[in-house]
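My notes follow, in the order I looked things up.

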Amino acid sequence: MAQAGGSPDLPARSLPSWAGAENSDTFDEAIKALETYKKRDPSKVIVRFKAVGNAPIMKQNFYKITSSNRFQAVIQFLRKELGWQAGEPLFTYINLAFSPAPDDTVSNLFKSFSTDGHLIVNYSTTAAWG
């Protein structure tokens, strides 16, 4: 027979050992850290786009992009600015060296590979570097 509101036969759940009253400071710190992590970083970074090979040159090549965005958002933005569809080839590189993963954050790429305060993104219609 089903009862609304849960079954009285199940034992009550207890909190994990680290969440007890004696560790309330640790628990509060963990909650605060999670809340901080969930917030989007409103800061922006300057991204400079440079054409490689036969790729069309953009009229404006400096843009401010939210640093918490994934690199996938930069790729989508670049496609929109160039007027390219999803099926058309587009290869992106950081500092003429490597192609970042789409799930890398712009912030991490900027912190690691910025040049003169800009994140330089090279783009091409053909694979230019390994």
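I began with tyrosine 63, which is buried because its relative accessible area is 15% (buried is under 20% relative accessible area, exposed over 50%, partly exposed in between, with a 1.4 Å probe and protein chains only). A reminder to myself: this is a predicted model, where local features need pLDDT of at least 70 and side-chain atom pairs count only at pLDDT 80 or more, while totals for chains, interfaces and linings use all residues. Residues are numbered from 1 along each chain as its sequence is written, and side-chain values use heavy atoms, with hydrogens and water left out.

**Rings**

I looked for aromatic pairs next and got 4. The rule takes rings of Phe, Tyr and Trp (its six-membered ring) with centres within 6.5 Å; planes under 30 degrees apart are stacked, over 60 edge-to-face, and the rest tilted. Tyrosine 63 and phenylalanine 77 have ring centres 4.8 Å apart and planes at 75 degrees, so I noted them as edge-to-face. Tyrosine 63 sits in strand β2 (residues 62–66) and phenylalanine 77 in helix α2 (residues 71–82), so their pair ties together parts 14 residues apart in sequence. Helices (H or I, at least four residues) and strands (E, at least two) are DSSP runs, numbered from the N terminus. Phenylalanine 77 is partly exposed, at 21%.

I then checked phenylalanine 98 and phenylalanine 113, a tilted pair with 4.8 Å between centres and 55 degrees between planes. Phenylalanine 98 is in the loop between β3 and α3 and phenylalanine 113 in helix α3, so this pair ties together parts 15 residues apart in sequence. I also noted a cluster of Phe49, Tyr63 and Phe77, linked by ring pairs.

**Strand β4**

How many residues of strand β4 (residues 118–124) are buried? I found 7 of the 7, so the strand is largely enclosed by the rest of the structure. Strand β1 (residues 44–51) runs parallel to β4 and is joined to it by 6 bridges; two strands pair if DSSP finds at least two bridges between them. Here alanine 51 stands opposite tyrosine 123. Strand β3 (residues 91–94) runs antiparallel to β4, with 4 bridges, and isoleucine 94 has valine 121 as its bridge partner.

**Valine 106**

My last stop was valine 106, in helix α3 (residues 106–113). Valine 106 is buried, at 0% relative accessibility. Its contacts (heavy atoms within 4.5 Å) include Val45, Phe71 and Leu119, leaving aside residues up to four places away in sequence. Serine 68 is 38 residues from valine 106 in sequence, yet their C-alpha atoms are 6.2 Å apart.
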